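Student: Can you take me through this one? I'd like to start with the pockets and then go on to contacts.

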Amino acid sequence: MSNVTVEATGETVGEAKWAALRELELRHPGLDKTAVQFEVVSEGERGLLGVGYAPARVVASVPEDAIAPAGDQSDLAGDVRFLLARVTGAFGLDARIEMHEDDETVTATLFAADAGLLIGHHGQTIDAVQYLLNAIAHRRGEEPRKEVVVGAAGYRERRRATLESIAMRTAEQVRATGEPAELEPMTAVERKVVHLVLKEEEGVETRSDGTEPNRYVVVVPAG
């Protein structure tokens, strides 16, 4: 049985061990931490007045049989979880990540005390994270492609309600003026929300236009 290894650094050996263990946990949520072994590569040097500083370096290893299987989670879902854990860690958030996957979408929902930091002003930060993850997912070249959706603190639910409201107002405008109306650029998941909302609306039809990441919905008078 081979080992899974991770190398990490820190100001002290203890910090380097913690960083290595954290990295293993991010990659393998089912990790048995008691099975992890550490090899100290370098204890580091503080240097004089900060000059010549060298970090401590360790290698953490764990047998593959000490890592619980991920069940039906795909490689894409595992990568999304790992990258989101790195992002939330960079924000200083202690977040729990729940994954859900179906034939079309990988959905990651984050639970954290201060999720507003990740959501950002008008959702700009979480949308940017979601766009980045989708770009990475699409570069994998897997078929069929799956859309990655990132939610936190009910933001996506509120966003869905907003999209539905915008769709209905736009439909009313198109029916009143007889002129097509273009909506703001949206992800494939958000465009699908608009298409479904207006699918049964009389007097209007929808189509998607433009190219990613600036693809948008056009609402037109029914032909």
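This is a predicted model: local features need pLDDT of at least 70, side-chain atom pairs count only at pLDDT 80 or more; totals for chains, interfaces and linings use all residues.

Student: Which residues lie nearest the centre of the largest pocket?

Tutor: Glu 147, Val 149, Thr 187, Val 189 and Glu 190, out of 39 lining residues. Elements giving two or more residues to that lining include β6 (147-152), α5 (155-177) and α6 (188-198). A pocket here is an open set of points on a 1 Å grid over the protein atoms alone, where a 1.4 Å probe fits, with protein on both sides within 12 Å along at least five of seven lines; lining residues have an atom within 4 Å of a point. Helices (H or I, at least four residues) and strands (E, at least two) are DSSP runs, numbered from the N terminus.

Student: OK, salt bridges. How many in the whole structure?

Tutor: The search finds 11, each a side-chain nitrogen of Lys or Arg within 4 Å of a carboxyl oxygen of Asp or Glu. One of them joins Glu 190 and Arg 156, at 3.7 Å from N to O. Glu 190 is in α6 and Arg 156 in α5, so the pair ties together parts 34 residues apart in sequence.

Student: And the sheet, what's the strand order?

Tutor: β7-β9-β8, open and antiparallel; strands pair if DSSP finds at least two bridges between them. β7 (181-182) and β8 (204-209) are the edges, each with a single partner strand, so one side of each has no neighbour in the sheet. β7 is joined to β9 (residues 216-221) by 2 bridges, and Ala 181 stands opposite Val 219 in β9.

Key
Residues are numbered from 1 along each chain as its sequence is written. Side-chain values use heavy atoms; hydrogens and water are left out.
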